[in-house]
Amino acid sequence: MTAALAETGDRRTAPPAGTPVTPQAPRRRRRTRAFDEVPRWQIYLPLGLYLLFTLVPFYWMLLFALRPAGSTSLVPWPVTFEHFEKVWNERSFGVFFQNSMLVGLATLVTTTVIALSGGYALARFDFRVKNAFMLALLCSQFIPGALMLVPLFEIFRNLRMINSLESVIIAETVFQLPLSIILISGFIKNVPVSLEEAAWVDGCSRLRAFRAVVLPLLRPGLIAVGSFAFVHSWNHFLFALMFLSEQDKQTIPVGLNTLIGADSVDLGALAAGGVIAAVPVVIVFAFIQKWLITGFSAGAVKG
Amino acid sequence: MAPAAPAATAAKTPGRTSRGAPGRRRGTGSSTPRRLPYLLIAPAGLLMLGFIAYPVLSVFYYSLQHYNVTKPWRDGFAGFDNFTRVFTDDPLFRDSLVFSAKWVVTEVSLQLLLGLGLALLVNQTFVGRAVARAMVFSPWAVSGVLTTTIWMLLYNPSTGVSRYLADAGVGSYGTSVLSDTDTVFWAVVVTELWRGVPFFAILILADLQSVPKDLYEAASVDGAGRLRQFVHITLPHLKDAIILSTLLRAVWEFNNVDLLYTLTGGGPAGVTTTLPLYVANTGIEGHDFGYASALTTVAFVILLFCSILYLRLSKFGGDSR
């Protein structure tokens with residue numbers, strides 16, 4: 001390697017004639033930069049700019065939520081919680097928060113359990129409708145949930161589930177399922193069958209072998225899928241808007257939309273509502289973001 | 001169809017329990033009850049039949065009907081009337097389709113470029129990397145409505161960033177970028193970029209981790225610079241992930257209405273109305289379910305056609321390495 005470097009180095013800095021080459025300086029620089037050593041400023045400058053773009057909006061929301069109404073200060077000091085109190089009590093964000101939490105957790109559980117079962121079937125069995133089922137999962141990715149609102153509304157009306165959180169939980173679960181099944185079956189394929197077979201030889205039932213051997217290894221994948229389901233249903237807006245018309249059944253995004261659409265927008269209240277909407281997903285995100293990357297690289301999309 | 005298959009084959013495997021003989025599970029599959037995989041996919045299958053397949057079919061059905069809550073006397077079979085109207089007598093359809101295309105292409109290409117750059121950046125080793133990753137990825141978790149909330153505060157002409165920029169001598173006071181037909185496009189594009197870039201960055205970063213390190217070492221021994229390493233090693237490795245994530249994202253951006261619905265409502269003067277937003281307005285606010293269903297059907301066909309074309313053209317899964 002040194003020879004190759006010296007050679008190219010010589011060629012580039014080739015002195016006119018006769019003068020002795022001093023290879024030290026260029027060679028050392030080349031050696032430190034040889035692999036993925038990038039000059040620090042080439043990392044920190046673009047990263048700093050992008051962080052500005054990412055974080056200023058968050059800061060702006062916090063600023064409005066924490067400073068008193070009418071203040072134009074760029075620092076939220078003195079801190080006031082009047083906007084939070086107002087939104088939480090008067091604008092019923094306390095109730096919305098509970099509803100959203102319920103929908104989010106229920107969707108998380110149902111999606112993960114159903115997707116585990118379906119994903120296991122896809123990963124470990126060959127069966128007659130397998131390809132048709134896979135195709136249905138993929139095709140459903142092309143179906144816009146927003147365009148299914150009217151027929152879904154009619155279904156839930158016939159089931160007498162309008163204005164009950166169950167309707168939203170079912171709808172969120174259903175539209176979360178296809179991707180979750182594809183992801184989970186990818187994760188299960190990555191667990192060697194031989195591990196399960198060893199457990200069967202030891203006399204475990206399929207279910208017990210699955211619980212004892214496969215499930216622990218699926219943890220990163222399940223965390224990724226579960227958090228997807230939670231975050232999506234926490235964030236999703238249209239189903240709740242359509243299916244829940246009673247005030248005390250609504251969820252946080254619908255509440256936010258009401259604040260946005262108010263005749264005279266109360267910016268402090270809007271920002272405080274935004275912070276309340278952001279806190280749970282930010283916590284979930286902070287907790288899972290490392291698993292997110294490993295979870296994906298564990299085979300996810302490549303099936 | 002699910003119950004029929006096990007019935008046909010049950011005779012071959014009488015009395016088997018779930019304790020199948022190990023090692024012969026795949027292939028003939030005779031060692032496990034044939035019913036098990038069907039039971040396992042049944043919950044997902046039934047839910048999807050009831051709440052995805054049935055609504056889709058009913059959309060197809062309604063697209064051939066006159067079905068308008070405000071004009072019930074016209075309800076009934078319409079043949080292809082709705083479709084004729086879509087293609088020959090609806091400038092709004094054409095406008096919203098054009099805007100959808102512009103929106104999807106702009107968003108997906110910019111998100112991909114920035115996301116790729118960001119992923120390469122935070123894939124380097126540097127001090128504070130973990131924190132930087134967490135921060136740049138964080139908008140991924142934010143909803144469309146919350147994005148609207150945040151950016152309405154930023155774009156607000158009297159209290160937003162533009163006011164402080166005007167104080168500093170940049171721009172003018174009272175600029176409302178969201179109500180000006182010249183600026184609204186880039187205003188919503190930037191807003192959606194803020195939320196959308198992390199999706200690509202996360203997926204591409206995940207894939208970057210699986211590029212074998214020794215490839216880069218070998219390349220740099222051979223004298224390949226960083227740019228050539230990127231073009232000849234990184235890009236080919238990322239190809240499938242990029243194709244798949246751009247497709248998923250394009251479909252998602254096409255279908256997604258949360259952000260535009262809450263941020264601009266399709267305005268001003270309808271210039272930010274995507275096709276799904278137009279459909280939602282027709283169906284939900286205009287109560288014309290029949291016509292909205294025809295629009296949905298057309299949107300679905302266009303989406304499917306574009307996706308297949310894209311996968312063909314990009315030679316997804318083809319051996320290019």
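UniProt annotations may be inferred rather than shown by experiment. With that in mind, the unreviewed UniProt entry gives chain A the feature "transmembrane region" at residues 43-66, 101-123, 135-156, 168-188, 209-234 and 267-288. The model itself is predicted.

**Overall make-up**

Chain A has 14 helices and zero strands. Of its 303 residues, 44% count as buried. Take the contacts in chain A with a separation of 6 or more: residues 24 or more positions apart account for 75% of them.

**Two annotated spans**

| Span in chain A | Helix | Strand | Distance between end C-alpha atoms |
|---|---|---|---|
| residues 168-188 | 100% helix | 0% strand | 29 Å |
| residues 267-288 | 100% helix | 0% strand | 31 Å |

**Helix α8**

Helix α8 of chain A covers residues 165-189. It has 25 residues and reaches 35 Å from its first C-alpha to its last. That is close to the 36 Å expected at 1.5 Å a residue. Where does α8(A) bend? The bend is at Leu177(A), by about 45 degrees. A proline, Pro178(A), follows within four residues. α8(A) is also mostly covered, with 23 of its 25 residues buried.

**Where chain A meets chain B**

On chain A, 81 residues are in contact with 85 residues of chain B. Which helix gives the largest share of the side of chain A that touches chain B? Helix α14 (residues 267-297) of chain A does, with 16 residues. By class, this side of chain A has 63 nonpolar, 13 polar and five charged residues.

Methods: Residues numbered from 1 in each chain as written. Chains lettered and ligands numbered in written order. Predicted model: local features only at pLDDT ≥ 70, side-chain atom pairs only at ≥ 80, totals over all residues. Contact = placed C-beta atoms within 7 Å. Helix = DSSP H or I, 4+ residues; strand = E, 2+ residues; numbered from the N terminus. Nonpolar A, V, L, I, M, F, W, Y, C, P; charged D, E, K, R; others polar. Expected span 1.5 Å × (residues − 1). Bend = angle between axes of the 7 residues up to and from the residue. Buried ≥ 20, exposed ≤ 12 C-beta atoms within 10 Å, placed from the backbone.
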